[in-house]
Every structure is written in C-alpha cells, then in structure tokens.
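Hi,

Here is the structure I promised to pass on to you. Have a look at it first, and then read my notes below with the picture open next to them.

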Amino acid sequence: TEGDFKCILARNGEGSEQLQADNESGKQKNKNVSDRRIIMNLIVAADKNWGIGKNNQLLVSIPADMKMFREETSGKVVVMGRKTLESFPNGLPLKNRINIVITSNKEYEVKGAIIVHSIEEALEEIKKYPAEDVYCIGGDSIYAQMLPYCDVAHVTKIDFAYEADSHFPNLDEDDEWEITGESDEQTYFDLEYQFVKYERKK
C-alpha cells in the first residue's frame, strides 16, 4: 500500500516569509520567521466526499495512482506520520527512499527512518534536502497541519462515495484554491477517477 495518503512536499530558497501554525484555530498566518519559505505540493487520492481512508488503509488501490506514487518518490525523501508508516507492509519504511516519520512519542524508534517529534522539527529536517526531492505522504492529521504550507495539490478524485473515517479538506469549497489542470476521465474497472491539479490563488 505504498500509495497510502501521499503528497509532494517542496520548498524554495528565496523569500523571508514562512507560514506558521495558529494552534488554536488550525489556520495559518504569515510570519517572518525564516529566510526560507516552506512550500508543499500535495498528492492525495480522495473520494467524492474527500474521504481518504478507513481503519488506516486506503479506500481503494488504483494501479495507475500507485505507479505514479512509486515513480515520483523513488530515490527521494518521504515525510509521514507514524500511523501511515505502520500501514505499510510489516510497518517498515519505504525502500529506496529517506523516510522521515513524525510522532509525539519520544521513545519511538524505527530502523531505517529518521524520527522527528513535531511538524516544526519535520520542516527543519527537510531543509537539508533539495526541495523537489521531498514528499509528504500523510495521513490525515499530517495533511491538516501541513496544508497551510501548501501551494499546489495534485488530487486523484474518485467518483464514488466510500465509507471513510479520515478525510482531506474540501478544496472545492475553499476560496483560496482553484483548479488549474485536470486529466481526461480515467477508469479502473467500473470506477471512474480523474487527476486534478489545484493551486493556491496568488
């Protein structure tokens, strides 16, 4: 289930603005706290209700979606929450990638992974790598905390409503986002889906 809750994470090296979390409201506010601005490009598969998973597993595994994820992240850096890591086969880090795992458990250790204990720590860690080589792959709580740092979202939109217990924010109802690209309709057996690109309005 390599495709579990995935998104690209990137940053550029210019600008003095970094987005910082407002923990009370979950909203983010601009604040000059760094000479680098963190930018995330999300990749996520969501159903028509923006559901993304149930019982810490994907709602559906679409081969084309999985293939894209593997090709995008192979040889790169992946950032994820503990539950996402534990959803992988045997709970092991993804091969041929640098795995950064976010958990509040100070005692948590995983062979072959870099452990950090906050979103802020994760953002500092990824500055060590080229922007285009860092990918955040979920799950839902990580998405919620990282979204304010995101400028681009690549969404596999599945035209079906599953029973889900985790969701991604509905970008169609967020005035800060707009669709800037979409693929032709795709099919997997009788399931219809589409690759859609959203960008934060300038």
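Let's start with a term you'll need throughout: a residue is buried if its relative accessible area is under 20%, exposed if over 50%, and partly exposed in between (1.4 Å probe, protein chains only). Before the details, please keep in mind that this is a predicted model, where local features need pLDDT of at least 70 and side-chain atom pairs count only at pLDDT 80 or more, while totals for chains, interfaces and linings use all residues. Residues are numbered from 1 along each chain as its sequence is written, and side-chain values use heavy atoms, with hydrogens and water left out.

**The overall picture**

The protein has 4 helices and 15 strands. Helices (H or I, at least four residues) and strands (E, at least two) are DSSP runs, numbered from the N terminus. Of the 202 residues in the protein, 46% are buried. The protein exposes about 10,600 Å², and carbon and sulfur atoms supply 44% of that area; accessible areas come from the Shrake-Rupley method with a 1.4 Å probe, and for residues only the protein chains shown count as cover. A contact means heavy atoms within 4.5 Å. Among contacts between residues at least 6 apart in sequence, 64% join residues at least 24 apart.

**Strand 15 and its partners**

Two strands count as paired if DSSP finds at least two bridges between them. Gln186 has Tyr193 as its bridge partner in strand 15. Strands 14 and 15 form a hairpin with 2 residues between them, and Phe189 in the turn has a positive phi of about 55°.

Tyr193 turns up again among the aromatic residues. The structure holds 6 aromatic pairs. The rings of Tyr193 and Phe195 have centres 5.6 Å apart and planes at 85°, so this pair is edge-to-face. The rule is that rings of Phe, Tyr and Trp (its six-membered ring) pair if their centres lie within 6.5 Å; planes under 30 degrees apart count as stacked, over 60 as edge-to-face and the rest as tilted. Tyr193 is buried at 5% relative accessibility, whereas Phe195 is partly exposed at 26%. There is also an aromatic cluster formed by Trp50, Tyr143, Phe168 and Tyr198.

Next, look for an open sheet of 3 strands in the order 6-5-12, with antiparallel pairing. Strand 6 (57-58) and strand 12 (166-167) are at the edges with a single partner strand each, so one side of each has no neighbour in the sheet. Strand 5 (residues 51-54) is joined to strand 12 by 2 bridges, and Gly51 stands opposite His167.

Ser166 is found in strand 12 and is buried, with a relative accessible area of 7%. The side chain of Ser166 reaches the backbone oxygen of Gly53 at 3.2 Å. That is a polar contact: a pair of N or O atoms within 3.5 Å, where within protein one must be able to donate a hydrogen and the other to accept it, and residues adjacent in sequence count only if both atoms are side-chain atoms. Ser166 is 116 residues from Trp50 in sequence, yet their C-alpha atoms are 8.7 Å apart in space.

**A loop and a helix**

What do the side chains of Ser87 and Arg97 reach? Ser87 sits in the loop between helix 2 (82-86) and strand 8 (98-102), and its side chain reaches the backbone oxygen of Thr84 at 2.6 Å. Arg97 has its place in the loop between helix 2 and strand 8 too, and its side chain makes a polar contact with the side chain of Thr73 (2.8 Å). Ser87 is buried at 6% relative accessible area, and Arg97 counts as buried at 13%.

Finally, helix 3 (residues 119-126) has Ile119, Ala122, Leu123, Glu125 and Ile126 buried. They cover an arc of only 160° around the axis, which puts them on the same side of helix 3; the arc is that of the directions from the helix axis to the C-beta atoms.

Enjoy exploring!
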